[in-house]
Amino acid sequence: MKKEKMKQKENKPERSLYFRDAFFFWPRWRRFLYRVIFSAFLYLGLIFSFFLIILQIERWSNLAIILFLFFVYVFIKQNQAEFSYPENNLTKPNLNLAHFLFPKARDILLESRDVAINYKISLESALLLILLFQEDIEETLSFLDISSSQIEEMREYLRKEKLEQMEKITDQNYELFLENVCRQAFIESVNLKRDSINIDSLMLSLYFSEDPRVAAVFDLFHLEKSDLVTAFEMNRLSREKGIEVLKGLADKRQITFQPKRIKVNRSLTSRPTPTLDLYGIDFTELALELKIGIMIGHQQEYQSLVDILTREGKSNVLLVGPDGVGKETIVSYLALNLVHDKVPPAIRDYRLINLSLSSLLEDIEEPLEVFNRLTKITKELLFNRDIILYLPQFHNYKSLAQKGGYNALDAFQSLINTAWVPIIGATTPEDYRRYLEEDSIIRENFEIIKVKELTSEEAIAFLAFRSLELQRKTKVKVSFKAIKRAVALAQRFLTTVPLPSSAESLLTEAIEGARRNKKKIVTEQDIVDLVSLKTQIPLDISSDEEREKLLNLEELIHKRLINQEEAVQLVASALRQYRAGLSNVNKPIAVFLFVGPTGVGKTELAKALAEIYFGSEKTMIRFDMAEYQDKKSIYRFIGSPDGSSYGALTEAARNNPFSLILLDEFEKAHPDVLNIFLALFDEGRLTDNLGQIIDFTNTIIIATSNALSDFIKDEIEKGTETQKLAEILKKKLTDYFKPELLNRFNEVVVFRPLTQEHLKEIVELKLKELANSLMKNKKIELFFDEGVVEKLAQLGYNPIFGARPLDSVIRHYIKDSLAKSILQEKTGPNSKVNFVLENGEIKTKIAAA
């Protein structure tokens, strides 16, 4: 509510707005008597003048017609505001807001005083209560998935919350209430592009109320102002038949005519352009038919575009933004404004022509034909001074030349150098970086406008209008909660495609799924399930099995990993908090630094977690940081500056947003390489070589380090507590890492050296894994005596290398003899092989099937 009040101050017009209407302060009997007399006068006048016309009395015939038209006008006007919002009214220095009240809004404001007194509630609460009984408001709220029962709950809440000490509502208090409400409603109605203050704008004005009961209703039922604005537009558009919402959602109030299709300007200076007309698409003609031209958001980019097109000198523009961000929408909106003269005089009467290279390449037999077509089009354009040329996929004109074809940019050189034929190009950041950034023609002649993706609020409005069109076509309704969830999840998980395209693709796919399953509505859960399926990111705890896995994660990990209880507990706790929705959504799930001697389980813990929860060890994204010891290796992570190669880290996270990232031997990377992890660890995002932000908020990041291994071993032998040792290590690790990098780790986890007893447990785990594998694949049973386990642990123990030698020991003493036995056909399906220790040596005893 505080934010809304700040906006109110910012939007307050620089004019005197006041409210004066004596009718509001008359007694009820007087207002009633006035209405009875007025209605009688109106209807009797209509009847009297109508009969005068029928009687055809020559002397009174003209007067009868004038009287009849007068009473018809009064009859129509009684259902309209006294004044509407044309420019000549809005520019007046002093405005009486009472003159702009729609009759229905006037009646509601009149009733609010009586309702406030009857129910002993505030005037603002009374106004909201009356509004909640209006059919239009009920229909609007239904678009926000608010049911009739929920609306009744709102009414009941307002009725029961009576003021303990009800102050008398004086005329002065009532006038102040009317002025405050109508002033804000006036601003809201102008923003909504309505002709008068109606019930929609009254409802929106209550978001600026200081009444805690009104604020509580909005908060309890999650009624956000931006959502309500969208719902009012949806309600209005749903009643208009035949309108294509996104393509026909222009400022319909101001479109009161249908201009004729013209090929020349009003000064008749245009010249024919037959070749351009053959291969191009006239956007201004399409805008006449309202097939394109609707824009939500992008106001800043559009204004920059118009400013550049109308300035003196070079007026060429290059729009740079990802596919689906809305570049063509901006150009389409310009076409609509050109048609309706809502542009500066410098480009008024201009045509806007879309010319794609693909259209020029159609039906050609020889490459020379492309050059000839471009030459003809250039000559036609040079003879005209009323055309704006739009070139989508602008980089294609350059890439064609790089592939050995004709240089299309050179063909347009004379056109680019002129000041009277503006060119609007459009490309993606990747293609701009690859083909155009270093081109001198582009640098000298084009202004770059970066097109940003829509905000979440704009995307919600876009998809809400789009859902009406989809509902008409598919007969499947999309709930407003589904729209909001689609935008939220697309913004978080489908970051490779900008809003609104990413969220729109979710909705269309969900609608198709609903049609297949013969459902009539797409719900919020449908969107959640779809995103989980597409990204392989579990968004809900979907089964009892997963719930049990999360609750017993430590136990499951310890089936693969011996010792290191603290590290296991920290990792499991971080994952549980994430799945329960308690983690910070603007950071990675967790960032750990595992320090300790080699072979103690740092990497093994990451593998175990990847297999148990993420599905497989293969889902772990592993980087050996020893390979990134030079400064230039940073580009291997984020991509080359020229855009010729992708970054290994950024692409891995883009393609697998829910994953575990292991940074092995972290301390061996170049300091400049380590610097890129500052923002990644802190904000959960990283900017790649193309300027695109890659999301890491659904990843667990584990960095390992063998630094200070001897120090760790000595301190543990002294009996230093693990927590205290971790704090000491943080200070000592500044010799390897910057303090600001160390502070970005959630935990620095100390891995303890393994003892002989730990090695024995690890041997048992590895032998059990081998036995299970043989039983599953070859139906061979393996048994190991206790002495064999102890012998293998003794042979595999190395204080320096930890458990690493164990694999070599098991391969030499167990697997080698097994392999020979299988190849010699001494061991086969259903065989039982027992490994025993005799005279200090490991022997095999085979019981054939």
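A crossing of two helices is left-handed if the near helix is turned anticlockwise from the far one by less than a right angle, and right-handed if clockwise. This is a predicted model, in which local features need pLDDT of at least 70, side-chain atom pairs count only at pLDDT 80 or more, and totals for chains, interfaces and linings use all residues. Residues are numbered from 1 along each chain as its sequence is written, and side-chain values use heavy atoms, with hydrogens and water left out.

Q: What makes α26 roughly parallel to α28?
A: The axes of α26 (residues 480-493) and α28 (residues 524-535) cross at roughly 20 degrees and come within 8 Å. Angles under 35 degrees count as roughly parallel, so α26 is roughly parallel to α28. The crossing is right-handed.

Q: Which residues of α28 make the contact with α26?
A: Contact means heavy atoms within 4.5 Å. On α28 the residues are Glu 524, Ile 527, Val 528, Val 531 and Thr 535. By class, the contact of α26 with α28 has seven nonpolar, one polar and three charged residues.

Q: Why is Gln 564 called buried?
A: Buried means under 20% relative accessible area (1.4 Å probe, protein chains only). Gln 564 has 3% relative accessibility, so it counts as buried. Gln 564 lies in the loop between α30 (553-558) and α31 (565-579).

Q: Which residues touch the most other members of the largest nonpolar core?
A: A nonpolar core is a set of buried Ala, Val, Leu, Ile, Met, Phe, Trp, Tyr and Cys residues joined through side-chain atoms within 4.5 Å. In the largest, of 152 residues, they are Leu 109 and Leu 609.

Conventions:
Helix = DSSP H or I, 4+ residues; strand = E, 2+ residues; numbered from the N terminus. Buried < 20%, exposed > 50% of the residue type's maximum accessible area, 1.4 Å probe, protein only. Axes fitted to C-alpha atoms, helices over the stretch in contact; angles between N-to-C directions. Parallel < 35°, antiparallel > 145°, perpendicular 65-115°, else oblique. Nonpolar A, V, L, I, M, F, W, Y, C, P; charged D, E, K, R; others polar.
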